[in-house]
Every structure is written in structure tokens, then in C-alpha cells.
Amino acid sequence: MNLSRAQQDAVVHKDTPALVIAGAGSGKTRTLTAKIAYLLEKGFSADRILAITFTNKAAEEMKTRLIRQTGLSPDNFPWVRTYHSACLQILKKHAERAGYTSPLQILAGYQQQKTLQEILVRLNIDKKETSRLQYKISMAKNHGNPETFIQNLPEIERVQTLEVYRQYEKTLQSINAVDFDNILLKVRDMLRDQKDIRETYRELFQFILVDEYQDSNNLQEELTRLLLGHGNLFCVGDDWQAVYGFRGSNVNHFLRFKETYPDARLFRLEENYRSADEIVQAAGALIQNNPHRMDKHCYSEKMGGTVELYYFYNENEEAKWTGRKIAKLVQGGVPLDRIAVIYRTKFCSLAFEKVFRSMNIPYRMLGSKGFFERMEILDINAYLTAAVFPKDDASFERILNTPKRGIGPAMVKKMQQVRSSGDSLQDAARHLLGKRMLTPKIHSALENLIGILDSIRDMTPDTAIREILARSAYLDYLEQLSKADKGDFTARQENIEELIYTAGQKENLVAYLEEAALVREDKEEDEEKKGRGVNLATVHASKGLEFHSVFVVACEEELFPHWKSMQSAAELEEERRLMYVAMTRAERCLFLSASEFRRGRPSESSRFLAEVQAVIAS
Ligand code: ATP
Ligand code: MG
């Protein structure tokens, strides 16, 4: 593999921690992969190398590259993982030491919400507060010291948030479950407080490597430090691309690397191998408007790139022009899947989807609603979850009347009333069945449901799903929905087929549900749609990727920068970094566009366009 001198230096550096600081497209990820290959060549054993990526997709890509470069066999492979997947493995291994029994349940977003909602009802807090509190609690956990974070909230939120947080944690503990943030938090606690476990991993990992290091939050940074014993650390990142502040990431870890690791070596890469110089210069000029940033010199040897700005009457015109331009690019020999349409705000994709469909331009969405977030998949997973985790009320409640079997809210209420403290809804249902306290119709419906759960518990995942379909009339229900214009039956059926296939790769329900939980949380995950097409992606989903031609669309005030981020100077800088990420995905052609009217209302073109315009005009 070709490496520049500077990249090579970073690869062969040894003995002290190292940080590679460089702009987009300068080969950071490539250098990191080359470093792993180099370590293996030098005789490091694969299972003693831990490489951290931010998404499952990035982990997959890195593994593919490694296999190509080193011919490694898959059963002797370094840990190439997200923080969550690495920590889950550690947590499972020492579940009892962390205060859990096995198997451990990982809560999905909706289960988390349901749990919170019940707490809010109990505490007489408006249910509308659920999302806000969920977000606050997540921020608090990613901060590393949840209680301290909450104590520092403004007075009016403090008491309430703390109470909800404590009750929520208590509930999770009582049902032997963790949410996504807890996977990291509990492992941090364990490594911090239990010396023997900490030493085990410190002995194990000789090398830890982190990609996109600028996006680490406090908790992730602390985990890295705890895992790092006598081993060595190699991080790569770009402070100009720090875009996860809203999720608690803290670019200061990146900026203060040298303070944390005084003997660290810093490496800088300047040449951009991805984009033509026109694009590098335009993106560089944009980011100069951010007062808080490191200085970096970036250039490219490639010339002949295009940076163009366009203004349209409305979103429909913008989409049609984009479609025509794409057709021209394709005629000129650019493959469809090397073209991307990137937007800051999700809803903006719709105008493009419609026009592309009418123009017969195939497209696929990156980072759209992931496979495991779709209704039918969540439903099936709720059956599987209720079978192996009978204490999980959210899943049981979800399937009680899905498909409709006459067990409505009144029945749920009844179950809640008859259960004694500590009992789950499912316990209550079994109790009611045993006492024969129900009308014959409801009795037999409930009996059928419980029967399904009992019979699938020990089946393999694919058999279990077939059993659910056979005994629950779920497919009929989907068909009914589709007739009522609620969802596409064929697509849903296909998704379930796909699920049977995917789930069938796992040996049991617990293993399958674990995997589903990890993938589901990975917002950058590709939609599992096969086939090729133009890529539609949010800026966040486009991170780390590259395309021949990029259209950054809907560049309007309130959309990009997003209205939620326009009040604070720091958040506005994060918006500008997002624009920097979007622009630097392009290799040859970059088109930035805005509309005067969107959804029938006047829209003002983005300040970022003016900033870019200033340089391309000169
Ligand atoms: P980002 O900040 O967007 O994540 P990056 O710094 O990680 O970018 P890479 O994705 O590693 O950059 O590299 C960008 C492109 O340049 C890739 O196509 C990569 O293969 C190529 N590249 C990197 N280094 C070299 C090199 N020395 N010679 C040729 N091509 C290179
Ligand atoms: Mg990269």
C-alpha cells in the first residue's frame, strides 16, 4: 500500500502514544489501518490489538481493508470494534461482578422510553417531558459522572432530573437490563473500581488505536485510559470535523492530548489525497470562519475540481436540476453510487426522493431509518424479547395486542392492578390465566400469546420467528394495515424474510437480540437495501466516506445551520464543521445549492454559502 513519508513515520512510530492530526481526506483512516497491518507484521498478536471506530459500518470497512492487505484469517483477528461492542463483550464476561445476572438485557430506544414514561407517571410529571429527560440522562451518563452533571444543571431542572435518573437506574437494575449508555458506564465503573479486572485488560491490550478521535466523549476517553496499561495508544482525528457535541463529545480531549500523555508524539499530514485542490481550498476557507480551531495546512496535488453554487426557486426545482445534473454525470461515465446528495436536515431528502423516483434515478439512503428500527422488525423482536426477558414490560405490552386480539388498554390496566410489587406484566398475565379470572375470549387470546412465548424461548431465532408468524396471524395484520394504506405489505414481508435469514445466523435468541441492539443503535448504518444508486445521506451519515461528485443541498438558514443551533456561538461552529465534513466528501465535483422557497415559505440562503462564494469568486 502506498504511504507518504509522513504517514509512514506515524505507522512505524513506537514506544509512546501518538496522535495524527490532519484535515479531511489526508489518509488518517488509511494510516491507522496500515499501522494495524504493520503491528501484525512485527509479530504483535492479533487478539492483543484493539481498534476503535465510531460506527459498525466503519468497523466493517476496516476489517475488509485489513483482510485485503494482510490476508489475515478471520479467526485470528484484532478487535476492530465500536466502544459499545467492545464494552458489551467485557460487560458480559464479568456480568456478575458488575451486579448483573446472565443473560443481560439491552434496552431498545422505545423500551427505554416506556420505562421512563412509567416513572414520570408515578412522579406526576408530564409525559411530554420524556424525550427531554431521556436526552438529559444520556448526556449525564456520557459526561462520565451522571450525578455531578445533573447537580450542575440549572436549579429548575436539577431536582426533577436527579429523581427521575435515580428511579430509572433502579428500574433497569431490577430487571437486569442496561441501556446503551450504561454499557460504557458500567464497564468504566468496573475497570475503575475492580483492580483485578482492570489489570486483566491492561495486560491483554498491547495496542489501542482510535479513529475519529475528535468525537470521543468523556466516558470514552476515560475508558481508553483505563484500558491502556503498559500498552500503547495511537489516535487519529481532525478537530475541524468534531460534530458530536450534541451527544456529549468533547473535542478538548483531542486538543489536550499532549497534556494527558506528556510523552506523546504528534504527527501532521498535509496532503489531501481525496479531493481536488479547488475543493480543499473552498472547504478550508469556510472553516477559517470558526474562531476556535487548530491551524492546519491542507493542500492537494490534484487539479481540475469543480465548486459551484446554485440558487433555485423552490425545492422541487432544486431536486429536478440535481436529477438532470446527475443524469449528465452518469452519461459522462461517473457511476451512480459514486454520487451523493447530502443534507443537514433529514426531511429535506423527501423532495429528492420523489423527483428521483419520477426520473427513474435509483437511489439509496444512508443512515435513514435503520432496518432494526422498522415497525415490523421491532414487533417481532418484542416477541423474542418477551420470551427470554419476561420482566421486560415494554416488549410484552407492545405485543399484547399486536396483532389485535382483543387485549386492549383496559386489560393492561387490570394487569397493572393485580400485580404485586416486583411482578412484571407478564407475571400478572400468567396469574390471571391461572386464576381463570378472564372472559373466555380474552382468556384464550392471552393463553395463545403466552403459549407462543413459552414455546419459542429455546428455539433457534429463525425457527422462533416462523413459529410466531404461524401462530399469531401477524402477517394478516400487516396485510390489513397495508389495505388501510398504512405501510407497504410486500416491503414489510421482505423485511421479515430478511430478518429470518439474519437472525438464523445466531445460535440462540439472546445472542441474536444482542446483535440487533448493537446494530440498531448505530445510526450511521446503511439501509440494508441492495442494489446501487445515488446516495442520499445526512451529513452525519456521510462521515468518513468519499464520492466522485457531491451535492450539498438545502443550504439555507434554519436548515443548515439548523435552527436549534443558531443561538449559541459554539453550536454554530459545530454547524460550520458539519458543512466542512459535507464539502470534503467530494473528490472532483462539489455543488452547493439553496432554494428561495421551501414548503411554500420563503427561505434565506445559508451564511455558509456566502462564505464559500467569497473564495470561489476571487
Ligand atoms: P476523513 O477525515 O474524511 O475521515 P481520512 O483522513 O481518514 O479522511 P482516508 O479516508 O484515509 O482519509 O483517505 C482518503 C483517500 O485518500 C482514500 O481514498 C485513501 O485511499 C487515499 N489515500 C490516503 N493516503 C494515500 C496515499 N499516500 N497515496 C494515495 N492515496 C492515498
Ligand atoms: Mg477517516
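This is a predicted model: local features need pLDDT of at least 70, side-chain atom pairs count only at pLDDT 80 or more; totals for chains, interfaces and linings use all residues.
**Entry 1: S26**

Leaving out residues up to four places away in sequence, S26 touches L269, E270, E271, N272 and Y273. I then placed S26 in the chain: S26 sits in the loop between β1 (18-22) and α2 (28-41). Buried or exposed? I count S26 as buried, because 29 C-beta neighbours lie inside 10 Å and the cut-off for buried is 20 or more.

**Entry 2: K28**

Next I checked K28, which lies in helix α2. K28 is buried too, with 26 other C-beta atoms within 10 Å. I set aside neighbours within four places in sequence and found K28 in contact with V20, A22, V236, D238 and L269. L269 is also on the contact list of S26.

**Entry 3: the annotation**

I looked up the record. An unreviewed UniProt entry carries the annotation "binding site" over A22, G23, A24, G25, S26, G27, K28 and T29.

**Entry 4: strand β12**

I moved on to β12, residues 534-538. Why is this strand largely enclosed by the rest of the structure? Five of its five residues are buried, so I record β12 as largely enclosed. V534, L536 and T538 point one way from β12, while N535 and A537 point the other way. In a regular strand the side chains alternate between the two faces of the sheet.

**Entry 5: partners of β12**

Which strands pair with β12? I found β10 (residues 339-343) pairing with β12 in the parallel sense over four bridges. There, I342 stands opposite A537. Strand β11 (residues 363-366) also pairs with β12 in the parallel sense, over four bridges. For Y363, the bridge partner in β12 is V534.

Key. Residues are numbered from 1 along each chain as its sequence is written. Chains are lettered from A and ligands numbered from 1 in the order in which they are written. UniProt positions are given in the numbering used here, feature names are shortened, and annotations may be inferred rather than shown by experiment. Helices (H or I, at least four residues) and strands (E, at least two) are DSSP runs, numbered from the N terminus. A residue is buried if 20 or more other C-beta atoms lie within 10 Å of its own, exposed if 12 or fewer, and partly exposed in between; C-beta atoms are placed from the backbone. Two residues are in contact if their C-beta atoms, placed from the backbone, lie within 7 Å. Two strands pair if DSSP finds at least two bridges between them.
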